[in-house]
Amino acid sequence: MASRRLALIFGLFMGRLMCSYNSVNGVPSCASKELLTKKAREQWRFDGYVTGDCGAVSDVFNTHHYTNTTGATCAVVLDAGTDIDCGSFLPANIPNAIASGDVRKVACASEVEYVTLYALHVIRR
């Protein structure tokens, strides 16, 4: 437990957190507004960025079946406080999520500019 606390403190100090593959109380960590917004940002005053572990955002949809569509998955993780995705799920699905109305372009821009998400996806190829 001490090593987890140290890792959390170090992450908060360095200005970045990573949500992971697990769920807490039935909610995947990357989709948890309770963890990412209420705890990290409000209670602990974290003001850095939150990245989804590679594949963790995809797992919200594909493994946890927490949402029914890819657009809903994009919406729920962005709303929860996930800013970027180490994996390819957000960059691959945000254009359709915006087109379908699941994610507003303004909401996406408030987290991370859509262009940046797309560029990160292209750079990783």
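Some ground rules before the pairs. Numbering runs from 1 along each chain as its sequence is written, and side-chain values use heavy atoms, with hydrogens and water left out. Because the model is predicted, local features need pLDDT of at least 70 and side-chain atom pairs count only at pLDDT 80 or more, while totals for chains, interfaces and linings use all residues.

I start with the salt bridges. Side chains of opposite charge can pair when their charged atoms come close. The cut-off here is a side-chain nitrogen of Lys or Arg within 4 Å of a carboxyl oxygen of Asp or Glu. By that rule the count is 3.

Take Arg41 and Asp83: their closest N and O atoms are 2.7 Å apart. Arg41 sits in helix H2 and Asp83 in the loop between H4 and strand E5 (84-85), so this pair ties together parts 42 residues apart in sequence. Helices (H or I, at least four residues) and strands (E, at least two) are DSSP runs, numbered from the N terminus. Is Asp83 buried or exposed? Asp83 is buried, at 9% relative accessible area, whereas Arg41 is partly exposed at 24%. For these words, buried is under 20% relative accessible area, exposed is over 50%, and partly exposed is in between, with a 1.4 Å probe and protein chains only.

The next salt bridge is Lys33 with Asp79, at 3.4 Å between the closest N and O atoms. This pair also links distant parts of the chain, with Lys33 in helix H2 (residues 33-43) and Asp79 in helix H4, 46 residues apart. Lys33 is partly exposed at 37%, and Asp79 is partly exposed at 49%.

Then Glu34 and Lys38, with closest N and O atoms 4.0 Å apart. Both lie in helix H2, 4 residues apart, about one turn of the helix. Glu34 has a relative accessible area of 42% and Lys38 has 45%.

On to helix H4 itself, residues 70-80. Its buried residues are Gly71, Thr73, Cys74, Val77, Leu78 and Ala80. After H4 comes Gly81, with a positive phi near 125°.

Last, the rings. Rings of Phe, Tyr and Trp (its six-membered ring) pair if their centres lie within 6.5 Å; planes under 30 degrees apart are stacked, over 60 edge-to-face, and the rest tilted. There is 1 aromatic pair. Phe61 and Phe89 form it, tilted, at 6.3 Å centre to centre and 45° between the planes. Phe61 is in helix H3 (residues 56-62) and Phe89 in helix H5 (residues 89-100), 28 residues apart. Phe89 is buried at 8%.
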